[in-house]
Amino acid sequence: MSVLETKNLGIAFGGLQALQDVHFSIEEGEIVGLIGPNGAGKTTVFNLLTDVYIPTEGVIELDGKNIVGKKTYQITQNGIARTFQNIRLFKDISVIDNVKIAMNYQMKYSTLSGIFRLPSYWKEEKAVTDRAHELLKVFRLDEHADDLAKNLPYGQQRKLEIARALAANPRVLLLDEPAAGMNPTETRELMETISLIRDKFKVAILLIEHDMNFVMGICEHIVVLDYGRIIAEGSAEEVRNNPKVIAAYLGGE
Ligand SMILES: Nc1ncnc2c1ncn2[C@@H]1O[C@H](COP(=O)(O)OP(=O)(O)OP(=O)(O)O)[C@@H](O)[C@H]1O
């Protein structure tokens, strides 16, 4: 069964039909690319999947259950986590605390044991710290655990964002332009990290990216949007040779 599926998804902003009849699905552990020219509606899809916007029509099913209308924090708890085009970190706190905050809602100690620092609090706190270190190791950020987030180089800040999203234990990870602003070495490294994440965490990944080498190199399935509609989908090979896709990109230049 698909882990995530949209059916006839659409949204209008006033007179602008930003998305229409968007139907796609993601299988467990699959890496899917969402591409299209500027303004095609990619980020709007993410905003619908995370219930930042409510669709004007259609449904979004996570494990077969419609999640439209839930609160964004419920979406995170239910298993969809995302990163943003513009990095959103707590820049003035440490790298590890950034990850621990993202894990926070999973902590199980009671308010009382937190206030009085009872043994159950310390046990839970240690488990969270250990898990945060494990996550940072995957991204080779562990040696920077105590550095302030703002002091990390740009490429590592992007990785920290992904680590934070993973901290919520998602079933589906949405990455909005993860390679934006990275140099070629950082981009190559990120491709390896994303494959590793999929294998290690068994998470399905939907990513928006303008770097076509990145998309074609890592995505098993690609969905192409233009003017709010899906104009093509398939493997990298199929999409690359699709005349509609070529026309959409040339028209948008
Ligand atoms: N809150 C909003 N109010 C009105 N129009 C919006 C809103 N959000 C998005 N749009 C419009 O919806 C369309 C799709 O925008 P979206 O940001 O999803 O495109 P995109 O494919 O992510 O573009 P880019 O690649 O440039 O980030 C655009 O015409 C945009 O102006």
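Student: Which residues surround the ligand?

Tutor: Happy to start there. This is a predicted model, where local features need pLDDT of at least 70 and side-chain atom pairs count only at pLDDT 80 or more, while totals for chains, interfaces and linings use all residues. Residues are numbered from 1 along each chain as its sequence is written. With a residue taken as near if its C-beta atom, placed from the backbone, lies within 6 Å of the molecule, the ligand is surrounded by Phe13, Leu16, Ala18, Gly36, Asn38, Gly39, Ala40, Gly41, Lys42, Thr43 and Thr44.

Student: Which element gives the most to the shell around the ligand?

Tutor: Helices (H or I, at least four residues) and strands (E, at least two) are DSSP runs, numbered from the N terminus. Two or more shell residues come from each of strand 2 (16-27) and helix 1 (42-49). The top contributor, with 3 residues, is helix 1.

Student: What are the domains of the protein chain?

Tutor: Good one! The bounds come from an automatic or database domain assignment. That assignment gives domain 1 (1-79 + 169-253) and domain 2 (91-168).

Student: How many residues does each domain bring to the contact?

Tutor: Over C-alpha atoms, the centres of domain 1 and domain 2 are 27 Å apart. Two residues are in contact if their C-beta atoms, placed from the backbone, lie within 7 Å. Counted this way, domain 1 brings 15 residues and domain 2 brings 11 residues.

Student: Which element gives the most to the side of domain 1 that touches domain 2?

Tutor: Helix 2 (72-78), strand 7 (172-176) and helix 7 (184-201) each give two or more residues to that side. With 6 residues, the one giving the most is helix 7.
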